[in-house]
Amino acid sequence: VTFFTDLLGRTAGPVALFAIGASLAGRRISDGLKEVSLVVACKLAVAPLVVAAAMAAILGGGERAVVGVLLAALPVGGNYYLVAENSGYSGARASSAILISTVLGVASFSATAAWIAG
């Protein structure tokens with residue numbers, strides 16, 4: 001049982017990435033771009049600002065607040081695809097959001113880190 005669960009745990013990440021990539025195959029990223037753009041903008045711009053305000057109000061700043069804001073500034077994760085697929089939302093659009101936010105996230109995460117550093 002231990003061997004099987006360890007094996008299953010090690011394969012979950014690559015299988016999820018394969019499923020996300022497969023949902024993008026043969027599809028134009030421009031399909032549903034309005035929805036995808038809204039998701040990406042909320043995740044990369046709005047979420048860090050909301051978390052920064054909440055962390056400042058609750059913790060008053062500090063290292064924990066910085067970690068929270070930086071985590072909020074990360075691109076859309078693979079869980080978004082899984083939730084989208086299970087709830088009937090377009091997995092292909094979720095995959096597009098992951099791809100676009102990852103590409104744009106390089107600049108937005110760096111900008112967020114620079115903003116925090118002052």
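1. Packing of helix 2 against helix 5. In this predicted model, helix 2 and helix 5 pack at an angle of about 30°, and their axes are 9 Å apart. The crossing of the two helices is right-handed. From helix 2, the contact draws on Leu33, Glu35, Val36, Val39, Val40, Leu44, Leu49 and Ala52. Their partners in helix 5 are Arg93, Ser96, Ala97, Ile100, Ser101, Leu104, Gly105, Ser108 and Trp115. By class, this contact of helix 2 with helix 5 comprises 11 nonpolar, 4 polar and 2 charged residues.

2. Packing of helix 2 against helix 3. Helix 2 covers residues 33–59 and helix 3 covers residues 63–72. Their axes lie 8 Å apart, at an angle of about 165°. Angles over 145 degrees count as roughly antiparallel, and helix 2 and helix 3 are therefore roughly antiparallel to each other. Helix 2 passes helix 3 in a right-handed crossing. On the helix 2 side the contact is made by Lys43, Ala47, Pro48, Val51, Ala52, Met55 and Leu59. On the helix 3 side it is made by Arg64, Ala65, Gly68, Val69, Leu71 and Ala72. The residues of the contact of helix 2 with helix 3 divide into 10 nonpolar, 1 polar and 2 charged. Ala52 is listed in the contact with helix 3 and also in the contact of helix 2 with helix 5.

3. Packing of helix 4 against helix 5. The axes of helix 4 (residues 78–87) and helix 5 (residues 91–117) come within 8 Å and cross at roughly 170°. The two helices are therefore roughly antiparallel to each other. Helix 4 passes helix 5 in a right-handed crossing. Gly78, Tyr80, Tyr81, Ala84 and Glu85 of helix 4 meet Gly91, Ala94, Ser95, Ala97 and Ile98 of helix 5. The residues in this contact of helix 4 with helix 5 comprise 6 nonpolar, 3 polar and 1 charged.

4. Nonpolar cores. The largest nonpolar core has 6 residues, namely Ile20, Val76, Tyr81, Ala84, Ala94 and Ile98. Helix 4 and helix 5 each supply at least two residues of this core. Apart from it lies another core of 5 residues, including Val36, Val40, Ala97 and Ile100.

5. Surroundings of Val76. Val76 belongs to the largest nonpolar core. Leaving aside residues up to four places away in sequence, Val76 touches Val39, Lys43, Ala97, Ile98 and Ser101.

6. Val1 is found in the segment before helix 1, which covers residues 2–24. Val1 is exposed, with a relative accessible area of 87%. The C-alpha atoms of Val1 and Gly13 are separated by 20 Å, and the two residues are 12 residues apart along the chain.

7. Overall description. The secondary structure of the chain comes to 5 helices and 0 strands, in the order α-α-α-α-α along the sequence. The C-alpha trace spans about 45 × 45 × 25 Å along its principal axes. Of the 118 residues of the chain, 25% count as buried. Among contacts between residues at least 6 apart in sequence, 74% join residues at least 24 apart.

Definitions and conventions. Residues are numbered from 1 along each chain as its sequence is written. This is a predicted model: local features need pLDDT of at least 70, side-chain atom pairs count only at pLDDT 80 or more; totals for chains, interfaces and linings use all residues. Side-chain values use heavy atoms; hydrogens and water are left out. Axes are lines fitted to C-alpha atoms, for helices over the stretch in contact, and angles run from 0 to 180 degrees between N-to-C directions. Helices (H or I, at least four residues) and strands (E, at least two) are DSSP runs, numbered from the N terminus. Angles under 35 degrees count as roughly parallel, over 145 as roughly antiparallel, 65 to 115 as roughly perpendicular and the rest as oblique. A crossing is left-handed if the near helix is turned anticlockwise from the far one by less than a right angle, and right-handed if clockwise. Contact means heavy atoms within 4.5 Å. Ala, Val, Leu, Ile, Met, Phe, Trp, Tyr, Cys and Pro count as nonpolar, Asp, Glu, Lys and Arg as charged, and the others, Gly among them, as polar. A nonpolar core is a set of buried Ala, Val, Leu, Ile, Met, Phe, Trp, Tyr and Cys residues joined through side-chain atoms within 4.5 Å. Buried means under 20% relative accessible area, exposed over 50%, partly exposed in between (1.4 Å probe, protein chains only).
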